[in-house]
Amino acid sequence: MNNILYLVWYEKEKKILNLIGQLTYDDIDEKYFFKYLNYESNELQLFSKNGLFPGFMDINQIYISPNLFLPILKRLPSKKRDDYSKIMAEYGFDEKSTDFEVLRQTKGASCDDHFIFITEDEYYKLKNEIKYY
């Protein structure tokens with residue numbers, strides 16, 4: 001299983017795709033890692049209110065946690081929703097599905113910003129689409 005997701009800022013209408021960071025799940029040590037990628041050369045500062053993904057305020061730190069980081073977890077459908085089971089079934093998930101699997105499928109999209117979590121293949125596909133758009 002591919003345990004790496006890229007955090008990107010993606011605005012299809014404006015043809016903007018900016019690689020921001022990398023989220024990794026190490027299934028051997030059962031830990032999550034988040035780090036910024038090429039922060040100095042990316043243009044996140046132009047798109048995000050404070051220039052950083054919420055909850056990850058140090059561009060030089062590698063964040064480590066045994067659980068999916070709360071700011072990312074908040075981007076998943078709430079398990080408290082009455083229709084949570086229905087939503088999970090629509091994505092093909094069941095009670096054994098991990099938060100990381102749900103994030104990979106839903107991309108952690110939010111109506112508040114243009115951050116999404118995508119695989120490397122999805123990143124290069126979007127990059128190609130923007131290039132030829």
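**View 1. Lys79 and Asp99 meet through their side chains.** A polar contact of 3.5 Å links the side chains of Lys79 and Asp99 (that is, a pair of N or O atoms within 3.5 Å, where one must be able to donate a hydrogen and the other to accept it; residues adjacent in sequence count only if both atoms are side-chain atoms). Lys79 sits in the loop between helix 2 (70-73) and helix 3 (84-90); helices are DSSP runs of H or I with at least four residues, strands are E runs of at least two, and both are numbered from the N terminus. Lys79 counts as exposed because its relative accessibility is 56% (exposed is over 50%, buried under 20%, partly exposed in between, with a 1.4 Å probe and protein chains only).

**About the model.** This is a predicted model, where local features need pLDDT of at least 70, side-chain atom pairs count only at pLDDT 80 or more, and totals for chains, interfaces and linings use all residues. Residues are numbered from 1 along each chain as its sequence is written, and side-chain values use heavy atoms, leaving out hydrogens and water. The mean pLDDT (the predictor's confidence in each residue, from 0 to 100) is 87.

View 2. Phe100, Val102, Leu103, Arg104 and Thr106 are buried in helix 4 (residues 99-106).
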